[in-house]
Amino acid sequence: AKMSAPTMEERKACWGARDEFWQCLDRHADDVSKCEKLRLAFESRCPQQWVKYFDKRRDFLKYKRKLETEGYHPPEAAGKS
């Protein structure tokens, strides 16, 4: 795999593939099996490090959105002394 920085076209293709994949996940309640083709396109258009980063980023954004809508609920048993 080439480690040179992606060109602007390659970055746009990667981001576009990521956005399509994420929109599919949003539509199907994160059912990856319904978005398999878009996942493969995403993986083929983006460097592997980016795919890992974007996967973590999506989880983080979902977690953050959940916090914003539901508020923070600390685990019941944690930290009671």
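Predicted model: local features only at pLDDT ≥ 70, side-chain atom pairs only at ≥ 80, totals over all residues.
1. Residues are numbered from 1 along each chain as its sequence is written, and side-chain values use heavy atoms, leaving out hydrogens and water.

2. The backbone of Asp 30 deserves a look too. Asp 30 lies in the loop between H1 and H2 (helices, H or I, of at least four residues and strands, E, of at least two are DSSP runs, numbered from the N terminus). Its phi is positive, about 65 degrees, although Asp 30 is not a glycine. Ala 29, in the loop between H1 and H2 as well, has a positive phi near 50 degrees and is likewise not a glycine. Most residues other than glycine have a negative phi. Ala 29 is exposed, with a relative accessible area of 69%.

3. Now for the charges. The structure holds 8 salt bridges, a salt bridge being a side-chain nitrogen of Lys or Arg within 4 Å of a carboxyl oxygen of Asp or Glu. One of them joins the side chains of Asp 30 and Arg 58, at 2.6 Å from N to O. This pair links distant parts of the chain, 28 residues apart, with Arg 58 sitting in helix H3. Arg 58 is buried, at 8% relative accessibility.

4. Asp 30 also forms a salt bridge with Lys 62, where the closest N and O atoms are 2.7 Å apart. Asp 30 is in the loop and Lys 62 in helix H3, so this pair ties together parts that are 32 residues apart in sequence. Lys 62 counts as partly exposed, at 29% relative accessibility.

5. Within helix H2, Glu 43 and Arg 39 lie 4 residues apart, about one turn of the helix. Their side chains meet in a salt bridge (2.7 Å, N to O). Glu 43 is partly exposed at 37% relative accessible area, whereas Arg 39 is buried at 16%. Elsewhere, salt bridges with shared partners join Asp 26, Asp 30, Arg 58, Asp 59 and Lys 62 into one network.

6. How do H2 and H3 pack? Helix H2 (residues 36-45) and H3 meet at an angle of about 130 degrees, their axes 8 Å apart. The two helices are therefore oblique to each other. On the H2 side, Arg 39, Phe 42 and Glu 43 make the contact, and on the H3 side Val 51, Phe 54 and Asp 55 do; contact means heavy atoms within 4.5 Å.

7. Finally, Phe 60 is found in helix H3 (residues 48-70) and is partly exposed, with a relative accessible area of 42%. Together with Tyr 63, Leu 67 and Tyr 72, Phe 60 makes a nonpolar surface patch of about 430 Å². Patches are made of residues with over 30% relative accessible area and no salt bridge, joining like charges within 9 Å and nonpolar side chains (Val, Leu, Ile, Met, Phe, Trp, Tyr) within 5 Å.

Methods:
Areas by Shrake-Rupley, 256 points an atom, 1.4 Å probe, with all protein chains shown as cover. Buried < 20%, exposed > 50% of the residue type's maximum accessible area, 1.4 Å probe, protein only. Axes fitted to C-alpha atoms, helices over the stretch in contact; angles between N-to-C directions. Parallel < 35°, antiparallel > 145°, perpendicular 65-115°, else oblique.
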